[in-house]
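Good morning, colleagues. Please bring the sequence and the structure up on your screens, and I shall take you through them part by part.

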Amino acid sequence: APERPAGPRVQIFASEIDPFEAALLASGQLVLYRKVWREGQRIVQGLLIEQEGFLQGLVGQTFNASELVQMSDLVIAYRDQVLRLMPGHGREAGAAGAEALVGSLLHQQRLSAPFGELQLIFTVNRLPPVAAGRVVTWTGVLLFAVLSLGFLALWRLGLRQIRLAAQQRDFVSAVSHELKTPLTSIRMYAEMLCEGWVDEARRTQYYRYIHDEAERLSRLIANVLQLARLERSELKVQAQRQACGPLLDTVRSRLDSAAQRTGFTLVYGVEDGLADVELAVDADAFTQIMINLVDNALKFAAGAQNRTVEISARRLGVGRVEFAVRDFGPGIDAAQMKKIFRLFYRAGSELTRETVGTGIGLALVRELAAAMGGRIEVVNASPGAEFRLQLPVAAMADQ
């Protein structure tokens with residue numbers, strides 16, 4: 001075998017150092033030491049630590065600066081041997097009723113190496129009155145607020161359900177009455193015509209009565225169907241370009257017929273040059289709005305001396321046209337101004353309900369107007385009331 005070249009020998013692990021360890025001497029001093037192996041010899045390195053200064057500097061200052069000093073005592077032990085008791089600051093001002101907790105173990109922790117044999121034991125000496133009182137106070141306030149809000153929500157929900165149930169009963173009663181009245185008239189006139197009890201001079205008049213009552217039924221059914229769509233969030237319109245003049249002409253015959261039946265006269269006033277202005281509207285929705293507004297005027301002005309309903313149209317600025325329906329009745333009470341457009345609300349005596357109606361006509365007017373990008377409002381005209389419908393001009397709606 002070839003000879004290895006001569007050279008210095010390298011010794012691996014010629015020296016070794018053990019971790020530091022801590023121990024308690026009989027004199028009460030702490031000793032920190034470690035074993036060192038160097039060149040085959042064993043050496044012990046270490047230092048003596050004064051117990052009082054070490055514990056006060058390492059543990060005491062940290063304990064006194066923490067929140068624990070306000071509610072606990074600290075015991076420092078070495079292998080279950082008590083080295084020192086550090087009392088907290090709260091013994092003399094303990095919270096009332098907390099005596100049963102005094103001395104209870106709060107927390108126990110060993111120090112990290114090399115002082116792993118030192119134990120920190122925290123025991124309760126009191127509950128801080130300020131912190132505890134604040135927690136209890138805020139907890140009580142929070143619980144009270146939650147319970148109050150819950151009770152208020154349930155109370156309002158209950159009232160809403162009761163009010164809705166009452167409105168639904170009134171609605172069913174009103175619809176039944178509104179359906180029964182024209183049906184009774186239609187049946188009566190039809191039986192008289194069928195039996196031949198009417199002379200030739202009155203036949204045309206009775207036919208007109210039947211036609212008017214059928215129109216009344218159609219309007220009611222249309223409102224109810226629109227209400228069903230509104231409840232299902234299916235109320236939709238198809239806005240198209242419609243000139244103001246032809247649009248009013250379309251509904252004029254139906255409005256005149258309803259007015260003549262009740263002894264009223266409709267007076268139309270259209271601003272010059274407005275007839276050819278195009279609006280972005282749904283013709284069917286516009287017709288239903290105008291019929292509902294005129295029906296409302298005829299109903300509430302039934303006792304007025306001036307049996308006239310004015311229908312006007314004028315331009316507002318560049319982008320809108322306003323249609324107005326005015327009666328000469330008693331007007332609308334200020335307290336009811338904001339309520340008349342609510343669904344199922346019917347103005348009049350809350351006890352006698354002298355005012356007929358279903359409570360859905362004006363609510364549908366508002367929804368249909370909003371669906372076409374318009375708005376509806378009402379003002380007292382002294383005498384009477386005026387409903388103002390504003391709709392967008394087609395050129396502005398397209399932008």
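Strand β7 and strand β8, the latter covering residues 118-124, pair in the antiparallel sense over five bridges. In this predicted model, one of the residue pairs to look at is His107, whose bridge partner in β8 is Phe122. Both strands belong to an open sheet of four strands, ordered β6-β5-β8-β7 and paired in the antiparallel sense. At its edges stand β6 (81-86) and β7 (105-110), each of which pairs on one side only. On average, neighbouring strands of this sheet are turned by 20° against each other, with direction ignored.

What lies across this sheet? Helix α1, residues 51-64, lies across β5 (72-78), β6 and β8. The angle at which α1 runs to β6 is about 55°.

Glu52 pairs with Arg84, and their closest N and O atoms are 3.2 Å apart. Because Glu52 lies in helix α1 and Arg84 in strand β6, the pair ties together parts that are 32 residues apart in sequence. Both partners are partly exposed: Glu52 has a relative accessibility of 45%, and Arg84 has a relative accessible area of 22%.

Which strands stand at the edges?

Glu322 forms one with Arg314, with 3.1 Å between the closest N and O atoms. Is Glu322 buried or exposed? Glu322 is buried, with a relative accessible area of 5%, whereas Arg314 is partly exposed at 38%.

Let us continue with helix α6, residues 361-371. The buried residues in α6 include Gly361, Leu362, Ala363 and Leu364. Val365, Leu368 and Ala369 are buried there as well. After α6 comes Gly373, whose phi is positive, near 80°.

Next, charge pairing within a single helix. Side chains of opposite charge can pair when their charged atoms come close. Glu200 and Arg203 meet in such a salt bridge, at 3.4 Å from N to O. Both residues lie in helix α3 (residues 200-231), three residues apart, which is about one turn of the helix. Glu200 is exposed, with a relative accessible area of 62%, and Arg203 is partly exposed, at 23%. In total, the count for the model comes to nine salt bridges.

The surface also carries a nonpolar patch. Which residues form this nonpolar patch? They are Leu149, Phe151, Leu152, Trp155, Leu159 and Ile162, and together they have about 660 Å² of accessible area. Trp155 is found in helix α2, residues 129-195. The relative accessible area of Trp155 is 48%, so this residue is partly exposed; the cut-off for exposed is over 50%.

I close with the figures for the chain as a whole. The chain has seven helices and 15 strands. Of its 399 residues, 35% count as buried. The accessible surface comes to about 24800 Å², and 55% of that belongs to carbon and sulfur atoms. Among contacts with a separation of 6 or more, 62% are accounted for by residues 24 or more positions apart.

Conventions
Residues are numbered from 1 along each chain as its sequence is written. This is a predicted model: local features need pLDDT of at least 70, side-chain atom pairs count only at pLDDT 80 or more; totals for chains, interfaces and linings use all residues. Side-chain values use heavy atoms; hydrogens and water are left out. Buried means under 20% relative accessible area, exposed over 50%, partly exposed in between (1.4 Å probe, protein chains only). Helices (H or I, at least four residues) and strands (E, at least two) are DSSP runs, numbered from the N terminus. Patches are made of residues with over 30% relative accessible area and no salt bridge: like charges are joined within 9 Å, nonpolar side chains (Val, Leu, Ile, Met, Phe, Trp, Tyr) within 5 Å. Accessible areas come from the Shrake-Rupley method with a 1.4 Å probe; for residues, only the protein chains shown count as cover. A salt bridge is a side-chain nitrogen of Lys or Arg within 4 Å of a carboxyl oxygen of Asp or Glu. Contact means heavy atoms within 4.5 Å. Two strands pair if DSSP finds at least two bridges between them. Axes are lines fitted to C-alpha atoms, for helices over the stretch in contact, and angles run from 0 to 180 degrees between N-to-C directions.
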